[in-house]
Amino acid sequence: IEKIPVVIGVHLPLEFTNKVYEEKREGGGGEYSIGLGKAQSAGFMRVLNAMFTRVVPVASPQDAAATDPEIRGVLEPVLEDYAFVTPMDSGTSTYAASLRYTIRLYSPTGELAESWTFTGYGSQPSSQFPGKGDEALAMATRLAMRDAGDHVAEGAAEDQRQREGQELLATRQPPEPHHQRDADDDPERDE
């Protein structure tokens, strides 16, 4: 990733850092408790540190300007949805997971400026972890997180390229109008 030359703030809400997904499936489908918070927080910070010149944690989007005057914006991730499929659900030998995130961009004073949604997918054959479905599901979930992180980085890189292109176009001077000179405009003809 080519770093974007910006200092960015990041706010990781407690519901993001401490997220545990729990589900009880009917008909003998089992009970699941999946700790997502630590892994998604570490993954998000890893992606941001690779993308920006400097990343500054902030207590809230409104605290950014007071925390560091160089912060140009604050990013805040929100886990919108997590879902998974087991071999029992699909009739295949694969575990699959998906995560949908919204990334909110705030101004340094806390006004919401923009938001983007990214989805990540991952799958893992159960044959890689014979008899250990929990490990196969955990791997599918990690792959989904990595895929979502790739989408975040790709989206930011595309936005940066668009901004650079717009700045380049804005700094170019329009060409001077080309006009044909009349014979009367020719100073040598007057002699």
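**Figure 1. Surroundings of Val20 in the predicted model.** Val20 touches Ser33, Ile34 and Gly35, leaving aside residues up to four places away in sequence. The model shown here and in the following figures is predicted. Val20 belongs to strand β2, which covers residues 20–25. The residue is partly exposed, because its relative accessible area of 40% falls between the limits of 20% for buried and 50% for exposed. Val20 and Gly37 are separated by 17 residues in sequence, whereas their C-alpha atoms are 6.6 Å apart in space.

**Figure 2. The hairpin of strands β2 and β3.** Strand β2 pairs with strand β3 (residues 30–35) in the antiparallel sense, and six bridges join the two. Together β2 and β3 form a hairpin, with four residues lying between them. Gly27 is found in the turn and has a positive phi of about 65°. Two positions show how the strands face one another. Glu22 stands opposite Ser33 of β3, and Lys24 has Glu31 of β3 as its bridge partner. As a general principle, strands of a sheet pair through backbone hydrogen bonds, in either a parallel or an antiparallel manner.

**Figure 3. Aromatic rings around Tyr21.** The protein contains six aromatic pairs. In one of them, the rings of Tyr21 and Tyr82 have centres 4.9 Å apart and planes at 75°; the pair is therefore edge-to-face, since an angle over 60 degrees is counted in that way. Tyr21 lies in strand β2 and Tyr82 in strand β5 (residues 71–85), so this pair ties together parts that are 61 residues apart in sequence. Tyr21 and Tyr82 are both buried. Tyr21 also forms an edge-to-face aromatic pair with Phe84, with 6.1 Å from centre to centre and 85° between the planes. This second pair likewise links distant parts of the chain, as Tyr21 is in strand β2 and Phe84 is in strand β5, 63 residues apart. Phe84 is buried, as is Tyr21. Ring pairs join Tyr21, Tyr32, Tyr82 and Phe84 into a cluster.

Figure 4. Five strands form an open sheet with mixed pairing, in the order β4-β1-β5-β6-β7. Strands β4 (52–57) and β7 (112–125) stand at the edges; each has a single partner strand, so one side of each is left without a neighbour in the sheet. From one strand to the next, the twist averages 30°. Within the sheet, strand β1 (residues 4–10) and strand β5 run parallel and are joined by three bridges. Val7 stands opposite Ile71, a residue of β5. Helix α2 (residues 37–51) packs on the sheet and touches β1, β4, β5 and β6 (94–106). The direction of helix α2 makes about 140° with that of β4.

Figure 5. Glu76 is placed in strand β5. The residue is buried, because its relative accessible area of 7% is under the limit of 20%. Which side chains make polar contacts with the side chain of Glu76? The side chain of His11 is one of them, joined to that of Glu76 by a polar contact of 2.7 Å. The side chain of Tyr106 is another, with a polar contact of 3.1 Å. When neighbours within four places in sequence are left aside, Glu76 is in contact with His11, Pro13, Pro61, Thr102, Ile103, Arg104 and Tyr106.

**Figure 6. The whole protein as context for the close-up views.** The protein has five helices and seven strands. Along the sequence, these elements follow the pattern β-α-β-β-α-β-α-β-α-β-β-α. The protein comprises 191 residues, of which 37% count as buried. Among contacts between residues at least 6 apart in sequence, 61% join residues that are at least 24 apart. The accessible surface comes to about 12,200 Å², and 50% of this area belongs to carbon and sulfur atoms.

Definitions and conventions. Residues numbered from 1 in each chain as written. Predicted model: local features only at pLDDT ≥ 70, side-chain atom pairs only at ≥ 80, totals over all residues. Heavy atoms only, no water. Buried < 20%, exposed > 50% of the residue type's maximum accessible area, 1.4 Å probe, protein only. Contact = heavy atoms within 4.5 Å. Areas by Shrake-Rupley, 256 points an atom, 1.4 Å probe, with all protein chains shown as cover. Phe/Tyr/Trp six-rings, centres within 6.5 Å; stacked < 30°, edge-to-face > 60°. Pairing = 2+ DSSP bridges. Axes fitted to C-alpha atoms, helices over the stretch in contact; angles between N-to-C directions. Polar contact = N/O pair within 3.5 Å; in protein donor to acceptor, adjacent residues only side chain to side chain.
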